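Please keep the sequence and the structure in view while reading.

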Amino acid sequence: MSKIIPWLFFGFVCLSFGGKPEQKGVEITKPNVLFIAVDDLNDWLGCMDGHPNAITPNMDKLASQGVLFTNTHCQAPLCGPSRASIMTGLRPSSTGIYGMIADDEIKSDNKATADIQFLPEYFKNQGYYTMGIGKLFHNHAPDGLFDESGGRSKGFGPKPESRFIWDGYGTSDREKYGRTSTDWGAFPAYDSLMPDDHSADWVIERLNRKYNEPFFMGVGFLRPHVPLYVPQKWFDMHPLEGIELPPYKADDLNDVPPVALKINDLPMMPSTDWAIESGEWPKIVQAYLACVSFVDYEVGRVLDALENSEYADNTVIVLWSDHGYRMGEKGTFAKHALWEPATNAPLIFAGAGVPKGKKIHEPTEMLSIYPTLLELCGLPQYDRNEGRSLVGLMKSNADESDYVAITTYGMNNHAVRTNDFRYIQYEDGLGELYDENADLEEYENLFDDPDYKDVIQDSKALLPVVNKKWNEHSQYTFQPYFVEQKARTSKE
Ligand SMILES: [Ca+2]
Ligand SMILES: [Ca+2]
């Protein structure tokens, strides 16, 4: 049976394109795309120097073979809106997609997105054969988007019969808040029981097939998204005795405005104070590092398969995450914030046409993935893209300093990351300003310091001008603030 299907497929393709052989010849010269998403991956990679205990040989190798952007920021510090932004090429402030949204509803009842071509769809429309498995959009992908879909296993399992440590409710009001999958421990027994392992197998099998068009292959890995469960051997790689903890200052949030505190109100998550008292902090850090090493291994299996395939030299690789993750910084274990550890995430390009062994520290955006891939593949730029292609920055040695990254969380709450500062402005006009050279931990809020009046003025000029109301299909019910904001601003 397996020998028959490719021939049937080949026959179908010949029939479909039989009339235009020369056009097909042009198309096949385009590079393939290997699009790798890693969920909730912060900068704890060896190549990003984000944590001294990080062990990520495969992603480090990929970075050394391509361009690593060390200062890339998500457009929203939450899976759904971040991925909707990457896939539409539009800012959350342009679409009103500030919260979660079903993959099939991104284009529904929304003038900004109604006729948008999703990133993989654009490739499909340019003659690419598209495939995808795992978490690419928030769930997997809109129905029928890929020519070939491997789907997505439900949730973030497998899970043990009962949780190890964290019940998912914390100190929250169970009626008002959602339940987090957050928990940590060694489980299951084997890698082969992890959905990410299956996703890698699915991709590897397809990297050994023949294609009549260039292909777009998307794979979305689930770890290190919570629960922080991976087999014991990944924990053993990070012995508890040597684990270093991230920086934390107990009174740090005394100088942030009320909206910042509302956004950071996450009682279902472990608080840093709890983690200190219970002695669990090093164990949570160990579990996250274990998950990162596991996913690095799965990424490595896919990259090795590409390297050993006939597509090794004509494939563009991009590896990204949808946002960072706080492991105790600013009082909690969560993404959900406009601060650096929640917005900064890895972005690596490698392969056909990409310079080798370059690290770029300019602030950049995940929104740039779409136009950058188009340019690297020699496809026409898409005039709907709001992001800026990074190809010029990758290839030039000039010191370009006009790059900025904007992260949006809820309506009209933005962070602007420039080379030297992070300026945050909340919907009520209050904000935060941090000197990213002198104060990496973002402890000292300079918003009210008269010496920084000009910096704030300059940062304000970079904020999005359009702030769309919440799209009716998008919501975030995990935190009362977002429920309240959507209800209030929808009435205005
Ligand atoms: Ca995520
Ligand atoms: Ca502070």
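## Helix packing, sheet and local backbone

Helix 7 and helix 11 (residues 281-307) pack with their axes 9 Å apart and at an angle of about 5°, where axes are lines fitted to C-alpha atoms, for helices over the stretch in contact, and angles run from 0 to 180 degrees between N-to-C directions. Helix 7 is therefore roughly parallel to helix 11, a term for angles under 35 degrees, while those over 145 count as roughly antiparallel, 65 to 115 as roughly perpendicular and the rest as oblique. Helices (H or I, at least four residues) and strands (E, at least two) are DSSP runs, numbered from the N terminus.

This is a predicted model, in which local features need pLDDT of at least 70 and side-chain atom pairs count only at pLDDT 80 or more, whereas totals for chains, interfaces and linings use all residues. Residues are numbered from 1 along each chain as its sequence is written, and chains are lettered from A and ligands numbered from 1 in the order in which they are written.

On the side of helix 7, the residues that meet helix 11 are Asp196, Asp197, Ala200, Val203, Ile204 and Leu207, and their counterparts in helix 11 are Val295, Glu298, Arg301, Val302, Ala305 and Leu306; two residues are in contact if their C-beta atoms, placed from the backbone, lie within 7 Å. Sorted by type, the residues of this contact are eight nonpolar, no polar and four charged, where Ala, Val, Leu, Ile, Met, Phe, Trp, Tyr, Cys and Pro count as nonpolar, Asp, Glu, Lys and Arg as charged, and the others, Gly among them, as polar.

The chain also forms an open sheet of eight strands, with mixed pairing and the order 5-4-7-1-9-12-2-13. Strand 5 (148-151) and strand 13 (358-360) are the edge strands, each pairing on one side only; two strands pair if DSSP finds at least two bridges between them. From one strand to the next, the twist averages 10°. Helix 7 packs on this sheet, where it touches strand 4 (129-134), strand 5 and strand 7, and its direction makes about 165° with that of strand 7. Strand 1 and strand 7 run parallel and are joined by six bridges, and Phe35 has Gly218 in strand 7 as its bridge partner. Helix 13 lies across strand 1, strand 9 (315-321) and strand 12 (347-351), running at about 170° to strand 9.

Helix 4 (residues 79-88) is mostly covered, since 10 of its 10 residues are buried; a residue is buried if 20 or more other C-beta atoms lie within 10 Å of its own, exposed if 12 or fewer, and partly exposed in between, with C-beta atoms placed from the backbone. The cover over these buried residues includes helix 5, helix 6 and helix 13 (369-376). Just after helix 4, Gly89 takes a positive phi of about 80°.

The peptide bond from Phe187 to Pro188 is cis, with omega near -10°, and Pro188 lies in the loop between strand 6 (184-186) and helix 7 (195-207). The bond from Val226 to Pro227 is cis as well, with omega near 0°.
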